Protein chains: 2
Amino acid sequence: MREEETFELSENGNLQGNVPKKFATKYKDGSSIDWLHEEALERERDYVKKSQKSIRSLLSIWADSARVWLVVISTGIGIGVAGAWLDVLVKWLGDLREGRCQEGFFYNQVSCCSGLDPGEFCTDWQTWSEYFNVRKIFAQSLLQSSIYVTLAVVFAGGAALLVNTYAPYAFHTGIPEIKAILGGYVFDAFLTPWTLLIKALGLALAVASGLSLGKEGPLVHVACCMAYMLSRLFKQFKHSEAQKRKILAAAAAAGVSVAFGSPLGGVIFCLEELDTFALESDVMWRGFVASAIAAVSLQYIDPFGTSKLVLFQVTSGGDTWRAFELIPWLTLGIIGGVLGSLLIKLNVEIALYRRHSVLNEYPILEVATVSAITAAIAYLVVFTRVQSSELVANLFQECDPARGDYHGLCNPTAMWENVFLLLISAAIKLALTAWTFGMMVPAGIFLPTIAIGACIGRAVGMLTQSLQTTYPKAWIFLACPPDPTVRCVSPGFYSVIGASAMLGGVTRMTVSLVVILFELTGALSHVLPIMVGVMTAKWVGDALGEDGIYNVWISMRQYPFIPPVDYNDKGRIAADAMRPFGMLKKIQEGQATLQDIENLVNVHEYHGFPVVRGRELIGYATRDKLISFIELNLSPETARKRCRFSSPKHQLTPSNDNTIDILDLTSCLERSILHLRKEVPQALVVRMFQKMNLHQILFTHRGQLDGMLTKPDVVSLLTAHFPHAGALSSKGESQ
Amino acid sequence: MREEETFELSENGNLQGNVPKKFATKYKDGSSIDWLHEEALERERDYVKKSQKSIRSLLSIWADSARVWLVVISTGIGIGVAGAWLDVLVKWLGDLREGRCQEGFFYNQVSCCSGLDPGEFCTDWQTWSEYFNVRKIFAQSLLQSSIYVTLAVVFAGGAALLVNTYAPYAFHTGIPEIKAILGGYVFDAFLTPWTLLIKALGLALAVASGLSLGKEGPLVHVACCMAYMLSRLFKQFKHSEAQKRKILAAAAAAGVSVAFGSPLGGVIFCLEELDTFALESDVMWRGFVASAIAAVSLQYIDPFGTSKLVLFQVTSGGDTWRAFELIPWLTLGIIGGVLGSLLIKLNVEIALYRRHSVLNEYPILEVATVSAITAAIAYLVVFTRVQSSELVANLFQECDPARGDYHGLCNPTAMWENVFLLLISAAIKLALTAWTFGMMVPAGIFLPTIAIGACIGRAVGMLTQSLQTTYPKAWIFLACPPDPTVRCVSPGFYSVIGASAMLGGVTRMTVSLVVILFELTGALSHVLPIMVGVMTAKWVGDALGEDGIYNVWISMRQYPFIPPVDYNDKGRIAADAMRPFGMLKKIQEGQATLQDIENLVNVHEYHGFPVVRGRELIGYATRDKLISFIELNLSPETARKRCRFSSPKHQLTPSNDNTIDILDLTSCLERSILHLRKEVPQALVVRMFQKMNLHQILFTHRGQLDGMLTKPDVVSLLTAHFPHAGALSSKGESQ
């Protein structure tokens, strides 16, 4: 599936927005970009344009900026439209599992039955048993349930088939990969138009099949694919990995914005989870614009006819809360942390089992089986029968006689039964989610996690409420209003806190989670309790296992991503980690012939090679530049010439006699290279990689090269503590 | 006012949370900290503790972390309480300008009149004319207005007197200084308990006097003073500038949280405006906790008895908006951008005029005069008579017959008159704010800016509404509901957008502004229009002048703050900016005697000195470590000994004969020092300073020192474009 890049360059191309050929670096999938080099290129381009004070160059500068905004805005609109279309598709497919519309099979249940007067019965919508005119109750429910399960298997199997056949990278959530890409990993095959199409289609099928998965992460992936596709239209982005990543970061924000109807949450998600801190400050601004436009588009299309962004509107009765409620909230936080860690651990174990068992051979069969099991179980328990999003919306609602009861949740006499059912549902969903997240279908972890948390939260809320109504005079409940008809404890809101805590335990996000949750529910007045839940869950979760689920998957797949953690070097210095001089593939200044260098770059696919004279460091030559030079200059007569990388004035021993036999490769040296001394603490080195997004650091002392450390080395340094690091991958890049 | 630090160090102090004496660096006010050094220290401390696997060291690690949280949580509670107390004080002082309570002069009007039945007249509250029993209408209004103006002058003059006499650093907003401090500037005098007390008291007086200023920025300053004061209780923070700054960042978030009732806004303000991107990721988490706790405290004390955090609750009628409204909103954005730039330019000109005119000599008289003028003008125009916060709250409200009319704003027949009055009020407030912000009183810029924007927004909203009701059939208004009694255009919400746009123009913040504004108003459904307003204002503002008002003040006062801008080096390299070898104060390895070094550190207050042999770089010795060494070792007999910084094995020429005459100063060398080559582009160097918060970079080639670049050099490189850079300051630090 790997796309082969061909770079088309015009000769005087720098005014059309691309870079002179000698500077552009081609990266292969699986390598890491060199940010310093990319940024130097950006500056070079800017400078070339700005120094030509002609109208043409001014226009060109303006056009560069216009193209960036064009891509950002189009991506925002595109993902907003795609998100709305996806919602419509999922609703239609979901309804198709229960019946069809007489007016036309392409109507979903709501639009089929629209335009009725209140009280009128909808006759246009037929369940399958009505359609096939089955009368017997037993036969009816058999037919309904078998169509329900069959379509689930068909949808899920179809999604798996699509993904497996056309775009294997379209499986899973996509967030770990986006994190790695934004951190400098090159993985263009992950962002092709094919992946976009299959991920979007497969996602609709997977969600409609009722599998325990959400659309949130995959939407971020879809948004990034869109941005990548749009950016390919302009040469400007083709040749700049840095610019491409800035666009992708904005797209990711737009994806979250659409997934949750949370434009601010999108921006903050990018900052916190995708760690775009390291990028420039204008990334935040672009993400903000993309997010806003995506949300406007979604609201404009208005797939559910509510003209609201808020998905799970919370209508909490009293805006005040009492001190005693901190106890159940802290409990929910602890439960969220524990269950979150459990979900991560289960998920890892299942992923490893899948990889090393026969399941690895039959991904489509696995998906079909799991979807059949999911559908069968779902039919048994009342709370799992509806789609997760509907369940969550109902659990977040307070009981209100005017609005009607949801599955008897508001019946106080059935309280214990309901609590039991809610906890069973949570357990079922937890197990199913741990299995589903990682199968060969597009799958997000957010919605299932919210559903699990919402069930538990509602149960805890109902218990608290029952305690309060049973013992209204207990000192702890004295803060409640004395009037027993006034609600003191709001179980619907406990459900929101449960969801927040569970999300905190699984993703270990903090600020962005709170923002997303309160944009999702509109419960501004309850931001503080949500914070308490998320905080507690994070603390408990961190105590049980260090990483959130996305970082665990990054480690398992061994993407070269440097997490923004505080690295404790235990007093070790760079010298303890670096690849020492003796183990490096080097080029000897003035000694190596062009043929030697060609052999070197053909044998080793490293990013670059240090150039030395003896041990003295001359510079660092990238493989890419060496290859271009070789392509241009290699001939039988030059092959045996020796190569020189430093200009003669720097040579200590003058060698005027044989200048004709020497090739000048000075242009192959990288200007922006960092050297440090090898006595520097490892923590400082890690911090430099984190902050500057470096590709390599050379260690020198008094001009002598001591060793080198590259990004993959630092990644393995940081993930050494994780037991399953690299368990799902065998990729690796050294030097 | 500069506090002289005395460091108390116990001999085996590292288990009590401080660092070994030989490592701790004393910074003087006005210098910049060396982050690399500070972080190395942190790591060293951590490592020392973690390597001692005793229960005592485990307890000590736990205690370290507990102390951090103790300070963070106490600061949160403290600033929440202080904010509530300040609100009460301001309300009482403000009411005192109009009358007094018979029950006791310490009651404000609301608490004096509480407990009345609806319709009952409050007799306990007396206006001054009732108290002095003045009957004639003319005498009444003369008495009232003169007491009103007199108390304004007394309050404002009192605030200025307090500030001028006891804590000159308590003037102004404090945000520019906090930005600089978080960036590494050392300015402990800015954070003393005295400054805390005077700033809080002065702020209450200044706000109550009716001057055109807000409490927001100063509250951030107060929160930072609190955190600093609390952190001084523990040795752990005394000796770590990095830890201190992480605490301060959390405190700043808590300050914003209390000022706006916006816990999330606080966190995002810290990220965006205070640029704590460069700090570690746990800073965000701590800020989040501090913010939440501060908001809980404020809500718990509940100074206004509303039990809500939302200050300016917006009760917008319809949650939907129409496409044609984009036109007035974009207009508001443009107006906000233009007026924001105008306000900044006016403010700068006035600040420069004040500095170079006779006003500089009489700051208290200036404050008194301006407050008299403000009070006199305020009495004339209906919208400026009330406190700004009340005005804003009323402007944000929609007209609702049930709630009563506010100053005839809802009377459609008086529309043109109201629009005129609103615009006049905005103009008056703009002029007064431009003058007030920078006088010798604590003064925030947020609230006045919001008030100006709200007036303009309401005016534009009323014009749009009148247009729509006059021509309901025009094609542009066809999206409105046909029923003329249903409101289509909501002028109150236009007021919110006007305020957002004006804030965007003045501060150039984006995401944090939107978050603050929608936490302030609770208008979640209107986040997108607010984004449009802020976006437009920022674009227009950036086109008219590059920096927001805080950065302009940072430039004018020449704090060593490196803004997170994209620096265009126009092709220049580090060599063009660095202080070359010849101009550096250096120490010659093996040549300089201890006496020489003592002379050097006494004459030059630089942060440190490169150590060289000839031109070969040996290392970098900080002044501080040299001083400690000299204090310990200087005696008549050692004064003439030569100093050696590298261990003998590195020496190229063995000199065993005179080792006795040589002092070993190896311990004075800094381990974490960066060297680059001088051919590196300036933009890369600037980026390293931005990302890594460096203090200096050395430039070497093959071990030879070429030059050095320090933070102040980089700051002047970046602010060179600003015409008034350093206009209000003459500080500077070289080498």
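Entry 1: Before counting, I wrote down what I was counting: a cavity is a set of grid points where a 1.4 Å probe fits but cannot get out. I also noted that this is a predicted model. How many cavities of 30 Å³ or more does the structure hold? I found 12 of them. The largest cavity has about 230 Å³ of space.

Next I asked which residues lie nearest the centre of that largest cavity. They are A:Thr700, A:Arg702, A:Gly703, B:Thr700 and B:Gly703, out of 17 lining residues. I then looked for elements that give two or more residues to this lining, and noted strands S6 (616-622) and S10 (696-701) of chain A, together with strands S6 (616-622) and S10 (696-701) of chain B. S6(B) gives the most, with 3 residues. I sorted the lining by type and got 4 nonpolar, 9 polar and 4 charged residues.

**Entry 2: aromatic rings.** My search over all chains turned up 32 aromatic pairs. I picked A:Trp69 and B:Trp539, whose ring centres are 5.5 Å apart. Why is this pair called edge-to-face? Their planes stand at 90 degrees, and planes over 60 degrees apart count as edge-to-face. This pair crosses between chains: A:Trp69 sits in helix H2 (residues 55-96) of chain A, and B:Trp539 in helix H21 (residues 527-544) of chain B. I checked how covered each one is. A:Trp69 has a relative accessible area of 19%, so I wrote it down as buried, since buried means under 20%. B:Trp539, at 39%, is partly exposed.

I then turned to A:Tyr185 and A:Phe187, with ring centres 5.6 Å apart and planes at 65 degrees, so this pair is edge-to-face. Both A:Tyr185 and A:Phe187 are buried. Ring pairs also link them into a cluster with A:Tyr169, A:Phe190 and A:Tyr559.

A:Arg615 lies over the face of A:Phe581, at 4.6 Å from the ring centre.

Entry 3: For chain A, the domain assignment gives domain 1 (56-113 + 122-301), domain 2 (323-557) and domain 3 (574-719). I looked up the C-alpha centres of domain 1 and domain 3 of chain A, and 44 Å separate them.

B:Leu96 has 15% relative accessibility, so it counts as buried. B:Leu96 and B:Ala208 are 112 residues apart along the chain, and their C-alpha atoms are separated by 9.3 Å.

**Entry 4: an enclosed helix.** How many of the 11 residues of helix H20 (residues 511-521) of chain A are buried? I counted 11 of the 11, so the helix is largely enclosed by the rest of the structure. Among them are A:Phe518 and A:Glu519.

**Entry 5: a positive phi.** I reminded myself that most residues other than glycine have a negative phi. A:His172 is not a glycine, yet its phi is positive, at about 65 degrees. Where is A:His172? It lies in the loop between helix H5 (137-166) and helix H6 (175-182) of chain A. At 1% relative accessibility, A:His172 is buried. B:His172 also has a positive phi, near 65 degrees, and is buried at 1% relative accessibility.

How values were computed. Residues numbered from 1 in each chain as written. Chains lettered and ligands numbered in written order. Predicted model: local features only at pLDDT ≥ 70, side-chain atom pairs only at ≥ 80, totals over all residues. Heavy atoms only, no water. 1 Å grid on protein atoms, 1.4 Å probe; cavity = no way out; pocket = protein on both sides within 12 Å on 5 of 7 lines; lining within 4 Å. Points joined across faces, edges and corners; volume = space filled by probe spheres on them. Helix = DSSP H or I, 4+ residues; strand = E, 2+ residues; numbered from the N terminus. Nonpolar A, V, L, I, M, F, W, Y, C, P; charged D, E, K, R; others polar. Phe/Tyr/Trp six-rings, centres within 6.5 Å; stacked < 30°, edge-to-face > 60°. Buried < 20%, exposed > 50% of the residue type's maximum accessible area, 1.4 Å probe, protein only. Lys NZ or Arg CZ within 6 Å of the ring centre and 35° of its normal. Domains from an automatic or database assignment.
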